[in-house]
2 protein chains.
Amino acid sequence: MAYAFEFVATQTKGISAECLVQVIAKLGKAVGAAGLVGGQAVDLECEGKTDVSVETLDFIHKHKTSALLEASVLSGAVLANATATDLQRLTTYAQNIGLAFQIVDDILDITSTQAELGKTAGKDLDAQKATYPSIWGLEESKKKAQQLVDEAKEALETYGVLALPLQALADFITARTH
Amino acid sequence: MAYAFEFVATQTKGISAECLVQVIAKLGKAVGAAGLVGGQAVDLECEGKTDVSVETLDFIHKHKTSALLEASVLSGAVLANATATDLQRLTTYAQNIGLAFQIVDDILDITSTQAELGKTAGKDLDAQKATYPSIWGLEESKKKAQQLVDEAKEALETYGVLALPLQALADFITARTH
């Protein structure tokens, strides 16, 4: 992990040092207690509990998954000198696809075969882990994931064809089978 | 650890972003496989071995201890816009006190009482750990530590009174009893 920061600091070329420092700050925050580590800690705390609320589940995945997706999306934007409005739109996009990604992950754990998934299917159920389908049911979960992806794509509508690659990535999240 | 990078990136004030990026690169390198992690890995590899050479012991401590001391000393210098010559002198200073610190640590493990040391004395011997005194003997180890500290202080002589705080820190390393 230390090398990741060293790498970003030494190997990012043709970018102002000011932008680079902003990106390093974002990466640090996304990985630390305010992001990945915080989400993972709560996730471990909740293992085996049967009364995990949707709010807690949202907290876990916003931190565990969305924070890193957000950092990835926003780093590119910061390096390209995006405005505050651009960053706001991209934040909405990233948070939505982060949560959608996790919901789809939970759905696939139930509906996918082991061969398709490339990892053990049904392991959330086995571990009695709180998931979106266990709280909302399968159909409602699919609906929510699609809604999040639609909103993510809408947030970038204003960029026209320039937004197509990011919008395609959003679609891939609900379309994927593993 | 991620927060450390975030903190440096967001809380360092009144410094050019260029200098800050250099410091972040140095910190990343000092902590990663080229520094602390690398030294610790070799240290663990060597546990229980009776034929550890002085070269290996030097490698371990240059990476485990000196790399972080070097990063601490050089970060300040970089932030103050030090020249390449300044950085070279400070590198000599830092590497020398890093190694001296470790030699003195090994000596204290043998000569100090538990009360003085604040941690269990004699635990290197118990663990059959290769140390400088186990290779060189106690007197020779003391001589080497003093020599490293003297050279560290000499490297900064040219700065006159401005060097006194760093030179006093070097002296503290050999004078300490715990």
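Two residues are in contact if their C-beta atoms, placed from the backbone, lie within 7 Å. The structure treated here is a predicted model, in which local features need a pLDDT of at least 70, side-chain atom pairs count only at pLDDT 80 or more, and totals for chains, interfaces and linings use all residues. Residues are numbered from 1 along each chain as its sequence is written, while chains are lettered from A and ligands numbered from 1 in the order in which they are written.

**Exercise 1. State which share of the contacts in chain A between residues at least 6 apart in sequence joins residues at least 24 apart, and describe the fold of the chain.**

Step 1. Among contacts in chain A between residues at least 6 apart in sequence, the share that joins residues at least 24 apart is 67%.

Step 2. Chain A has 10 helices and 0 strands; helices (H or I, at least four residues) and strands (E, at least two) are DSSP runs, numbered from the N terminus. The pattern along the sequence is accordingly written α-α-α-α-α-α-α-α-α-α.

Step 3. The radius of gyration is taken over C-alpha atoms, and the globule rule is 2.2 Å times the number of residues to the power 0.38. A compact globule of 178 residues would have a value near 16 Å, and the 17 Å of chain A agrees with this. Along the principal axes, the C-alpha atoms of chain A fill a box of roughly 50 × 35 × 30 Å.

**Exercise 2. Determine where in chain A the confidence is lowest and where it is highest.**

Step 1. The pLDDT is the predictor's confidence in each residue, from 0 to 100. Chain A averages 91, and 94% of the residues score at least 70.

Step 2. Confidence in chain A is lowest in helix α6 (residues 114–117), at a mean of 66, and highest in helix α9 (residues 138–155), at 96. Where pLDDT is low, the predicted coordinates should not be read in detail.

Step 3. For the model, the scores are ipTM 0.81 and pTM 0.83.

**Exercise 3. Identify the rotation that superposes chain A on chain B, and describe the contact of the two chains.**

Step 1. Copies are superposed by least squares on the C-alpha atoms of residues with pLDDT of at least 70 in both. Chain A is brought onto chain B by a rotation of 179° with 0.0 Å of shift along its axis (RMSD 0.0 Å). This is the relation of a two-fold axis.

Step 2. The residue of chain A that comes closest to the rotation axis is Ala17(A), with its C-alpha at 2.6 Å.

Step 3. On the side of chain A that touches chain B, the elements giving two or more residues are α1 (2–11) and α2 (17–31) of chain A. Of these, α2(A) gives the most, with 9 residues.

Step 4. By class, that side of chain A has 12 nonpolar, 3 polar and 3 charged residues. Here Ala, Val, Leu, Ile, Met, Phe, Trp, Tyr, Cys and Pro count as nonpolar, Asp, Glu, Lys and Arg as charged, and the others, Gly among them, as polar.

Step 5. Because 100% of the interface residues of chain A are also interface residues in chain B, the copies meet through the same surface.

**Exercise 4. Decide whether Val23(B) is buried or exposed, and list its contacts.**

Step 1. A residue is buried if 20 or more other C-beta atoms lie within 10 Å of its own, exposed if 12 or fewer, and partly exposed in between, with C-beta atoms placed from the backbone. Val23(B) has 21 other C-beta atoms within 10 Å and is therefore buried.

Step 2. Val23(B) belongs to helix α2 (residues 17–31) of chain B. Leaving aside neighbours within four places in sequence, Val23(B) is in contact with Val8(B), Ser75(B), Val78(B) and Leu79(B).

Step 3. The C-alpha atoms of Val23(B) and Gly76(B) are 8.6 Å apart, although 53 residues separate the two along the chain.

**Exercise 5. Locate Asn81(A) and characterise its backbone and exposure.**

Step 1. Asn81(A) lies in the loop between α4 (54–79) and α5 (84–111) of chain A.

Step 2. Although Asn81(A) is not a glycine, its phi is positive, at about 60°.

Step 3. Asn81(A) counts as exposed because it has 11 C-beta neighbours inside 10 Å.
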